[in-house]
Amino acid sequence: MHIATAAGSFNTTMSAVLRQEGILESFNLTPDVIAISDGSKILASVISGSVDIAPLSGFSQIFPAIERGAALKIINASSLVPMLALFSGKSNVRTLKDLEGKVVGVGAVGSLVHQLTVTLLRKYGVDISSVRFINLGSNTDVFKGVMAGTVDAGAGPSSFVPDADIYKVHALEHGDMSVELEGFTYQGGWTSIRDIETKRDILVRVLASYAKLFRFLDQPSSRDAFLKARQSVFPNVPERAHLARVHLPGPRAPHSPVRRPDDDTHQRPVAAALRVVAPAAPVRLPRRRPGAAAPAVDRTRLPRLDR
């Protein structure tokens with residue numbers, strides 16, 4: 001089973017936890033999990049058949065692909081709220097408006113990082129035509145470019161906001177996408193209809209593995225395992241930033257070590273419920289005439305997603 005995820009910091013950490021805890025293997029899978037720099041390349045890999053499923057990736061690029069005849073289907077939701085913020089290492093770049101006439105690091109045109117960055121700038125009236133966008137790859141690569149001064153600004157993990165000075169950068173005003181773009185669905189999962197028809201059982205086990213992963217991370221007992229995995233991926237990141245990522249829904253939410261009493265913005269990216277849903281048998285609804293009231297749904301027939 002060939003699995004591809006976008007090569008962002010969150011996805012890389014999730015893959016590390018999967019390997020460390022043997023979660024995919026617990027479903028009798030022999031996985032080949034790879035990180036690809038942007039969704040456009042994942043799309044090409046899924047269409048060609050070199051990748052079977054992309055469970056954690058931006059997915060807007062598949063709609064025009066389907067319109068052009070690609071046999072693809074969205075099969076799961078994953079992270080619902082953007083986990084990025086815009087940073088800069090330049091003293092003269094403090095607000096989004098300051099980016100006019102500047103160089104901003106993004107992914108490929110149409111990639112998730114590019115779309116989010118452009119959407120945020122447009123929200124605050126930035127003249128997009130005056131901004132020079134450079135493709136640096138994943139959000140991890142973009143943030144490295146910000147730290148190195150290769151670009152004037154770019155996206156990075158929103159959990160780095162409280163400790164941005166450690167990296168000699170600063171978050172831009174209104175640059176936290178988890179707050180400013182909370183209605184923008186961040187990532188989903190998708191595959192080819194070919195694989196659904198020929199590898200359905202394996203796909204279901206992959207999705208079950210990711211459901212198990214998120215449920216594991218929702219338990220307080222997963223803290224040490226999460227930190228071990230994340231530190232293996234980002235050994236130079238302070239523990240406080242790691243802990244911002246371990247904050248998941250649950251009773252411990254108010255006690256996150258990075259939360260200030262009057263601010264929960266840095267908890268929202270992961271506090272948004274993460275759900276991976278395996279394909280279920282379709283629920284058949286009675287046909288109705290156009291304009292007629294919708295019939296009541298027998299909810300006892302709907303698949304249970306809360307266990």
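Visitor: In which sense do β5 and strand β9 pair over their three bridges?
Guide: Happy to start there, and do keep in mind that this is a predicted model. Strand β9 covers residues 170-176, and its D176 stands opposite A85. The three bridges between β5 and β9 run in a sense that is antiparallel.

Visitor: Which residue of β8 is the bridge partner of F87?
Guide: Strand β8 spans residues 153-157 and is joined to β5 by four bridges, with the two strands antiparallel. Within β8, the partner of F87 is G154.

Visitor: How many residues of strand β5 are buried?
Guide: In a regular strand, side chains alternate between the two faces of the sheet. Here L84, L86 and S88 lie on one side and A85 and F87 on the other, and both faces are covered. Strand β5 is therefore largely enclosed by the rest of the structure, its buried residues numbering five of the five.

Visitor: How are α1 and α9 oriented to each other?
Guide: The axes of helix α1 (residues 9-21) and helix α9 (residues 223-233) come within 9 Å and cross at roughly 120°. Residues in the contact include M14 and V17 of α1 and F226 and A229 of α9. Angles of 65 to 115 degrees would count as roughly perpendicular and those over 145 as roughly antiparallel, so α1 and α9 are oblique.

Notes. Residues numbered from 1 in each chain as written. Predicted model: local features only at pLDDT ≥ 70, side-chain atom pairs only at ≥ 80, totals over all residues. Heavy atoms only, no water. Buried < 20%, exposed > 50% of the residue type's maximum accessible area, 1.4 Å probe, protein only. Pairing = 2+ DSSP bridges. Axes fitted to C-alpha atoms, helices over the stretch in contact; angles between N-to-C directions. Parallel < 35°, antiparallel > 145°, perpendicular 65-115°, else oblique. Contact = heavy atoms within 4.5 Å.
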